[in-house]
Amino acid sequence: MSSDEHPPAEGSTASKPRIPKTASSVHDVTADKPPFGSRFLTDEADVWSQNAWDHVPPPTDQDEIISVALNKQKSAPVPEEEKQKYNEKPAKHWDNFYKANASNFFRNRKWLHLEFPELKAAAEPDAGPMVIAEIGCGAGNAVFPLLEANKNPHLHLKAYDYSSHAVKLVQNNPLYLAPPLGTIESAVWDLTSSELPPGLEPGSVDIITLVFVLSALHPKEWANAVSNIHKLLKPGGLVLIRDYGRYDLTQLRFKGGRLLDDNFYIRGDKTRVYFFELDELALLFTGSPASAASKANNTVHIVEENEEPSDSDPSARATPLTPSDGSGRTTPTLAEVEKSLSSLSANASEHAPQKAGAIHPILENPSPAEGSHPLFSTVQLGVDRRLIVNRKRQLKMYRVWMQGKFRKL
């Protein structure tokens, strides 16, 4: 789930103020315009001629693809008697994952510096004392690029994971053993624990990163996780989030026997994954649904497959969007892609109505004991939609990720 993301094309008009380069279509909720370039797809037949296009609507056949995939999953869910074993010791399954894959499974998340410039700013020479905690650090693919680029002698990095094997990988990294500047400390800690991590006092952290972390938790654990994040952050501190979005390719790829609950699955390696809606993240952190500004951008950024970041399921990179029709053919033809992109219109960025059951019931009826909202304000919240194209194979893959920044009140 980690590598350099492909940045959107930039505008060519020199007189216009330069919009900061980002890797996704997600933007500040207070911004007048989203940070897109000016490479427009005016002729659908040109889709394979460039690596990236801006302002492209979702495929017209996406609803049908979603419906077929979900119906198949719901017809063969995980049996009730087996669900407990998957939810009982999730850290054990992540331990097994890291033992099997070591530290060469993910590439470094250098794209985080584009998406979250606050991280880069904290590493500047004059940033002053800063504490950044990466929760769900895995093998350190986010924290080590930051440490390597750090120019701030007063930057203190914390890396936590509930997989003890992942923490060992971090602690054995040469950068950990001899940090070039600043400090780094890693320890085993469960985000849903009743205790804070060792060595950290309440209200001592400036920035927390959660990259594909909340999706690994059971919905019943969300409230406690958010509470711990709130306790750790200083007043005004930021939590930076990147995670799976509803109906992402990896969700639609799941076969029978993987569905634990609505939008919640068990992978082949027994790790869990949930696929979020915007309103769910907004409710978790602020107690209110996502604002209209967060939902205003529904465009898709098309990128070349070999330039697109993988996530925690890299095998999805070679899997087509369109399920097999039984004939053995899974790669769509150019004509099929042209058809799926034929609905270009001025209203392409309007937010589509949410489907029934979009919000998890645990968020619709929160317990009074779960804390008093609002705990955070929304700085940024949006959906990063990508249509990944493989020009050589004429293959399309539709990815959906959530991205947000929340500030502690």
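Is Glu 185 buried, partly exposed or exposed? Glu 185 is partly exposed, with a relative accessible area of 32%. The cut-offs are these: buried means under 20% relative accessible area, exposed means over 50%, and partly exposed lies in between, with a 1.4 Å probe and protein chains only.

Some ground rules. This is a predicted model, in which local features need pLDDT of at least 70 and side-chain atom pairs count only at pLDDT 80 or more, while totals for chains, interfaces and linings use all residues. Residues are numbered from 1 along each chain as its sequence is written, and side-chain values use heavy atoms, with hydrogens and water left out.

Salt bridges, then. Side chains of opposite charge can pair when their charged atoms come close. The rule here asks for a side-chain nitrogen of Lys or Arg within 4 Å of a carboxyl oxygen of Asp or Glu. By that rule there are nine salt bridges.

Back to Glu 185. Its partner is Lys 158, at 2.9 Å from N to O. This pair links distant parts of the chain: Lys 158 sits in strand E3 (residues 155–161), Glu 185 in strand E4 (residues 183–188), and they are 27 residues apart. A word on the labels: helices (H or I, at least four residues) and strands (E, at least two) are DSSP runs, numbered from the N terminus. Lys 158 is buried, at 12% relative accessible area.

Next, a pair within one helix. Lys 83 and Glu 80 form a salt bridge, with their closest N and O atoms 2.8 Å apart. Why are they about one helical turn apart? Because they are three residues apart in helix H2 (residues 80–88). The two ends differ in class. Lys 83 is buried at 18% relative accessibility. Glu 80 is exposed at 59%.

How many of its 15 residues are buried? The count is 13, so E11 is mostly covered by the under 20% cut-off. E11 pairs with strand E12 (residues 395–408) in the antiparallel sense, over 14 bridges. Two strands pair if DSSP finds at least two bridges between them. Asn 390 stands opposite Leu 395 in E12. The two strands form a hairpin with four residues between them. In that turn, Gln 394 has a positive phi of about 50 degrees.

Now the cavities. On a 1 Å grid over the protein atoms alone, a cavity is a set of points where a 1.4 Å probe fits but cannot get out, and lining residues have an atom within 4 Å of a point. Grid points are joined across faces, edges and corners, and a volume is the space filled by probe spheres set on the points. There are six cavities of 30 Å³ or more. Lys 158 is back: it is among the lining residues, along with Leu 112, His 113, Glu 134 and Thr 209. Helix H4 (112–115), strand E2 (130–135), helix H6 (143–149) and E3 each give two or more residues to this lining. E2 gives the most, with three. By class, the lining has eight nonpolar, two polar and two charged residues. Nonpolar covers Ala, Val, Leu, Ile, Met, Phe, Trp, Tyr, Cys and Pro; charged covers Asp, Glu, Lys and Arg; the others, Gly among them, are polar.

Asp 206, in strand E5 (residues 205–211), is buried at 15%. Its side chain reaches the backbone nitrogen of Val 131 at 2.8 Å. His 230 lies in helix H9 (residues 222–232). His 230 is buried at 19%, and its side chain reaches the backbone oxygen of Leu 375 at 3.5 Å.

Notes:
1 Å grid on protein atoms, 1.4 Å probe; cavity = no way out; pocket = protein on both sides within 12 Å on 5 of 7 lines; lining within 4 Å. Polar contact = N/O pair within 3.5 Å; in protein donor to acceptor, adjacent residues only side chain to side chain.
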